[in-house]
Amino acid sequence: MPAFKSDFLRILSERGFIHQISDETALDELFCKETVTAYVGYDATATSLHIGNLITATMLYWMQETGHRPIALMGGGTSMIGDPSFRDEQRSLLTPQKIAENIEGIKKIFGRILRFGDDANDAIMVNNADWLLKLNYVEFLRDVGRHFSVNRMLTFDSVKLRLEREQSLSFLEFNYMILQGYDYVELNRHYGCRLQMGGSDQWGNIVNGIDLGHRMDTPQLFALTTPLLTTSSGAKMGKSAKGAVWLNGDLYSPYDFWQYWRNTEDADVERFLKIFTRLPLDEIVKLAALGGSEINEAKKVLATEATAIVHGREAAEQAAETARKTFEEGALAETLPTIEVDGSELRSGIGLLTLLVKAGLAGSNGEARRHVQGGAVRLNDQPVQDERRAVTTADVTADGVAKLSVGKKKHVLVRAA
């Protein structure tokens, strides 16, 4: 990677965000001489973004920090089709009402990450439904569709993979990349946007937009993608025993989010501190140099800083304190994740394996059984070795809860409803 002159590209390079740039010299010069507007698109397929989206959202943050203008594009229009990239089958089609609901959920996270307003580099949030849903189909085919080569689109990895597996790629999905390319042109026309950023799987779609812009007489447009982020053991980022690691607290609690980062593999600590926190690089180098068990202190810093970005400093510090009390003092922290169980179930007794699955501490009865057989399960901090054991009201402590644990780091409070 070259030595960039612009603050934005230099920061991204030093922190490990850059995978590909379409014309790095010209883009670097552009960032040096003017305020650049760049965007990332987010389709509204769920009510929350997840950890994978946090990478691109953080790039928008660094855009703003270095004096440039970020756009968070909500895919209200493209979500009605769904991005087919590297998927084995077509996404389920969402209703306009569901898409609107999802967008409202997604907006919450950007209020913490970006600064919105009317100043020159304040962030902008727009919805591509504003122009895509107003298109006249025949005119769009004539004015925009004619610029796309089907031959070239068939060479994109995301398309080739589907075809090689003999999996259907619908005409509806094939239009997605045309609409995404058109988004780029619209954002350039209305906001002077010159750069689109995204994950490495979006390279083909972004380059399509650049080519379309060239054919429709925009100034030179640019692409920048991030690498696919995996852990040092090869696992894809963003998955946990409870499923996707969502950024909204109603889907994935701040405590669980903090724990996700606390459980980072030793070899990933420095890389994740650079990408998922805003700490100065010299401080990150010092934390990453900690050896032996001291690396756990660096993991706690990573967990707290990443959680503060997504959920706020107060929630991050509360999660850290809950963890300290639970693991270091053995105390029952009321801010642990809690599930409610019908009182009648507890009175008659609910199976331990069933409860472990219900609490999200195991994905199936079989996994729960293996936890018990391996000696990892505790009830109110006491080991449980009988997989047929039932949890009853007799197990509820004076605090009104039963504490269910798997290993040293996964705890859930069970409360009678």
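Trainee: Let's start at one side chain: what is the relative accessible area of R369?
Mentor: Keep in mind that this is a predicted model, where local features need pLDDT of at least 70, side-chain atom pairs count only at pLDDT 80 or more, and totals for chains, interfaces and linings use all residues. Residues are numbered from 1 along each chain as its sequence is written, and side-chain values use heavy atoms, with hydrogens and water left out. By relative accessible area, buried means under 20%, exposed over 50%, and partly exposed in between (1.4 Å probe, protein chains only). R369 falls in the partly exposed class, with a value of 32%.

Trainee: Which residue forms a salt bridge with R369?
Mentor: A salt bridge needs a side-chain nitrogen of Lys or Arg within 4 Å of a carboxyl oxygen of Asp or Glu. For R369, the closest N and O atoms are 3.1 Å apart, and the partner is E387.

Trainee: How many residues apart in sequence are the parts that E387 and R369 tie together?
Mentor: Helices (H or I, at least four residues) and strands (E, at least two) are DSSP runs, numbered from the N terminus. E387 lies in the loop between β12 and β13 (390-391), while R369 is in helix α19 (residues 365-373), so the pair links parts at a sequence separation of 18 residues.

Trainee: In which helix do K107 and E104 both lie?
Mentor: Their side chains meet in a salt bridge, 3.3 Å from N to O. K107 is partly exposed at 35%, and E104 is partly exposed at 46%. The two are 3 residues apart, about one turn of the helix, and that helix is α4 (residues 96-113).

Trainee: How far apart are the ring centres of Y39 and Y184?
Mentor: Rings of Phe, Tyr and Trp (its six-membered ring) pair if their centres lie within 6.5 Å; planes under 30 degrees apart are stacked, over 60 edge-to-face, and the rest tilted. The whole structure has 10 aromatic pairs. The planes of Y39 and Y184 stand at 70 degrees, so this pair is edge-to-face, with a centre distance of 5.5 Å.

Trainee: Which helix holds Y184?
Mentor: Y39 is buried at 1%, and Y184 is buried at 0%. Y39 belongs to strand β2 (residues 37-43), so the pair connects parts 145 residues apart in sequence, and the helix of Y184 is α10 (residues 176-191).

Trainee: What is the bridge partner of L379 in β12?
Mentor: Strand β11 (residues 377-379) pairs with β12 in the antiparallel sense over 2 bridges. For L379, the partner in β12 is Q382.

Trainee: How far is the sulfur of C32 from the closest cysteine sulfur?
Mentor: A disulfide is a pair of cysteine sulfur atoms within 2.5 Å, and the whole structure has 0 of them. C32 is partly exposed at 45%, whereas C193 is buried at 0%. The closest sulfur to that of C32 is in C193, too far for a bond, at 18 Å.

Conventions:
Pairing = 2+ DSSP bridges.
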